[in-house]
Amino acid sequence: MDPLKRSPPPCPSPRPSSPRTQPCEMLGHVGIETVLDQLKIKAMKTGFEFNIMVVGQTGLGKSTMVNTLFRSKVWKSTHPGTGVSMPQTLQLHSETHVIEEKGVKLKLTVTDTPGFGDQINNDKCWEPILGYINEQYERYLQEELLITRQRHIPDTRVHCCVYFVPPTGHCLRPLDIELLQRLCRTVNVVPVIARADSLTIEEREVFRNRIQQNLKTHCIEVYPQKCFDEDINDRILNSKIRDRIPFAVVGADREHLVDGRCVLGRKTKWGVIEVENMAHCEFPLLRDLLIRSHLQDLKDITHNVHYENYRVGRLNASHLLPRGPGWVNLAPATPEQLTSPRPLRACRRPHDDSEEESGLSMANPRPASS
Amino acid sequence: MAMKMTCMSSQVSDDEQRKREKIRSLTMCGHVGFESLPDQLVNRSIQQGFRFNILCVGETGIGKSTLINTLFNTSFEDCESSHFYPHVKLKAQTYELQESNVQLKLTVVSTVGFGDQTNKEESYQPIVDYIDAQFEAYLQEELKIERSLFNYLDSRIHVCLYFISPTGHSLKILDLLTMKNLDSKVNIIPVIAQADGISKTELQKFKMALMSELVSNGVQIYQFPTDDDSVAKINAAMNGQLPFAVVGSMTEVKVGNKMVKARQYPWGVVQVENENHCDFVKLREMLICTNMEDLREQTHSRHYELYRRCKLEEMGFADVGPESQPVSLQQMYDVKRQEFCREVQRKEEELKRVYVQRVREKEALFKEARRELLAKFEHLKRVHQEETMRLEEKRRSLEEEVIAFSKKKVASEVFQNQPFLAVGSNLRKEPQLVTFMGKCFQVQGQYISQS
């Protein structure tokens with residue numbers, strides 16, 4: 001047992017002034033580790049929520065990809081020539097489903113962006129998207145600021161945005177770069193190379209490298225962001241993922257028979273492209289990243305970083321008072337506020353501050369508070 | 001003012017909620033893999049670490065520290081408290097415990113001097129203030145513009161163990177009063193301390209008397225949750241056993257062929273972990289193994305929310321205005337902000353006025369001083385000039401004298417050179433001329449030495 005120091009004399013101040021944490025040895029099993037089971041039981045009871053947004057041009061297979069990810073008919077995937085008219089402006093379309101697996105309930109909301117990048121003039125086509133994302137943050141903020149708030153605030157914030165890059169094989173287009181720059185400041189973005197079955201393996205590698213170069217040149221931080229790695233294990237794991245981003249994926253929701261096995265894939269005259277086969281495409285990597293390993297992390301970063309950034313921006317822009325807890329004027333957000341880019345400032349851990357400020361050159365200077 | 005609020009149960013059944021929001025249930029045709037979600041959540045919690053804050057309220061010497069030591073199976077502190085404190089104070093200490101991969105930061109807050117004073121009217125107030133202060137600190141952090149809630153060291157009290165002395169009859173008035181003041185702020189679990197002094201039959205009667213007294217006085221103690229199937233049965237059973245009669249001890253005694261924690265008396269050995277002897281095991285199980293997470297959640301979602309609501313309403317904010325129109329925080333903030341701006345403006349003007357006045361006064365002073373200085377300077381200059389003029393005059397007159405004298409000297413030399421003898425004899429005859437010439441030379445010499 002460690003020799004314990006004498007405790008400080010009882011102080012009149014209400015808050016323990018400097019609680020000295022003394023590591024103690026326990027002489028036997030107490031049962032503290034059962035708190036993990038308690039957590040699990042509670043979590044399974046309340047269920048989980050996940051909101052994902054898919055952004056990309058028409059015909060890149062977004063709906064199919066979502067269906068493949070969640071192995072169910074989330075959307076009715078549109079096939080070419082079914083006579084669905086192209087929407088004139090970008091409209092956002094959300095659907096919510098509840099799926100259950102082995103006792104775990106997941107409330108999944110998928111937001112689609114039909115009509116993105118399809119017009120002749122695509123200037124400011126990101127505004128409806130940014131507006132939607134910020135609107136969800138706004139809704140959460142308003143709920144959080146109520147006097148009598150709900151026990152569990154419904155979370156509609158977008159946790160992850162999957163961006164579909166058309167498989168040109170060259171490099172990112174100006175539209176892609178513009179959008180990615182703006183989106184990465186507001187939400188976690190995972191870019192993928194769509195319809196990767198039109199590229200050979202070598203072409204994919206070249207394309208991937210070029211895209212990585214482009215992202216680096218324009219200082220676009222996609223998920224998993226380097227500045228949020230917490231410890232060495234995270235860094236190793238995330239570096240492996242960052243090497244393979246953007247994933248080259250193929251989506252399919254039909255099953256075919258290959259060598260006696262029933263596999264999900266696309267059947268063509270020259271063979272069957274198996275979706276779950278790592279040699280054919282990188283869909284398993286995407287699915288593992290989004291669902292099996294990093295789902296909680298996506299939600300955490302959205303809540304602790306992106307939402308906090310939004311909140312700081314909103315409260316600052318409302319001319320906060322110099323003193324007093326949170327006395328701000330929360331008029332409903334004007335449209336420009338919803339779409340203007342914000343500096344990426346909040347960081348996950350305090351010691352990341354210095355890295356943040358030196359690393360991100362895309363951060364705008366803060367507007368001078370009045 | 002303690003407000004008793006019935007818990008707003010937002011436990012609408014999932015199906016109804018889903019129907020309201022028009023959400024479809026989907027069936028999946030294959031394995032997606034999100035059953036690892038609870039594990040992801042647990043991993044993140046392990047990384048963050050856990051915090052648990054216990055408040056022990058009870059008289060001095062009733063066995064608070066011993067019970068905590070026994071609960072967590074370690075020796076935290078050894079010194080005994082004195083009985084002579086004039087006021088009730090609270091002493092907080094934080095410890096780090098680790099079991100397999102779970103790191104727990106445990107804070108134990110004990111009352112010091114509770115029940116020792118002769119006049120106990122203000123005994124419970126420091127406790128209430130302490131609990132409120134922790135809520136306030138969290139509220140302040142939550143209302144900050146730039147906040148970091150995810151790595152905030154939560155110091156809100158999650159559970160209050162109230163130690164009841166084993167009189168065998170009923171609750172003391174002090175206990176009743178304190179519990180009534182605390183029940184809306186913290187989860188209270190009453191325990192009967194030093195239960196080795198009560199026999200089994202007495203204990204049953206004592207427990208029933210205590211519970212009926214608590215119920216009849218409207219004290220809401222913590223009820224173990226019975227809504228989750230896996231723990232509902234055991235929690236319901238335990239609810240009927242409250243308050244737990246506990247015995248604490250860290251000393252080990254040999255019983256049979258094992259060393260167990262116990263208290264040894266001449267008439268027998270009271271074993272702490274024997275369920276027949278006392279309810280210690282039940283307390284440990286309920287407090288740590290089954291409901292720790294629920295205690296934390298209740299503190300955050302019920303007690304803290306109540307505190308927050310009361311505090312904000314006190315500050316004048318409301319969700320609904322006087323005509324039952326939903327008033328957003330915005331309007332209240334606007335009004336308050338304008339008031340504040342006006343106040344600030346007024347103060348600023350006041351300050352400016354005072355400042356200008358002071359500057360003016362100082363300016364006048366400086367002008368006065370300057371004038372004086374100038375006058376002095378003028379005066380001195382004049383004096384100096386006069387002095388210079390006088391000296392000039394003196395010099396001139398002296399020079400004239402010298403000139404006159406040298407003229408005379410020349411004349412006398414000329415006069416001398418003619419008949420030298422005559423002059424010589426004359427000189428002898430005229431000693432006045434000699435002395436006069438000597439004087440002239442003297443004066444000349446003086447003049448040279450002066451200049």
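Tutor: Helices (H or I, at least four residues) and strands (E, at least two) are DSSP runs, numbered from the N terminus. By that rule chain B has twelve helices and ten strands, while chain A has ten helices and ten strands. This is a predicted model, in which local features need pLDDT of at least 70 and side-chain atom pairs count only at pLDDT 80 or more, whereas totals for chains, interfaces and linings use all residues. Residues are numbered from 1 along each chain as its sequence is written, chains are lettered from A and ligands numbered from 1 in the order in which they are written, and side-chain values use heavy atoms, with hydrogens and water left out.

Student: How do you know that B:Cys56 is in no disulfide?
Tutor: A disulfide is a pair of cysteine sulfur atoms within 2.5 Å, and a search of the whole structure finds zero disulfides over all chains. For B:Cys56 the nearest cysteine sulfur is that of B:Cys160, 7.8 Å away, so by the definition there is no disulfide here.

Student: And what makes B:Cys56 count as buried?
Tutor: Buried means under 20% relative accessible area, exposed over 50%, and partly exposed in between, with a 1.4 Å probe and protein chains only. B:Cys56 has 0% relative accessibility, and therefore counts as buried.

Student: How much of each chain counts as buried?
Tutor: In chain B, 41% of the 451 residues count as buried, and in chain A the share is 49% of 370 residues.

Student: Why are S8 and S9 of chain A called paired?
Tutor: Two strands pair if DSSP finds at least two bridges between them; S8(A) and strand S9 (residues 261–268) of chain A are joined in the antiparallel sense over four bridges, so they pair.

Student: What makes S8 and S10 of chain A the edge strands?
Tutor: In chain A three strands form an open sheet in the order S8-S9-S10, with antiparallel pairing. Strand S8 (255–258) and strand S10 (271–274) of chain A each pair on one side only, and they are the edge strands.
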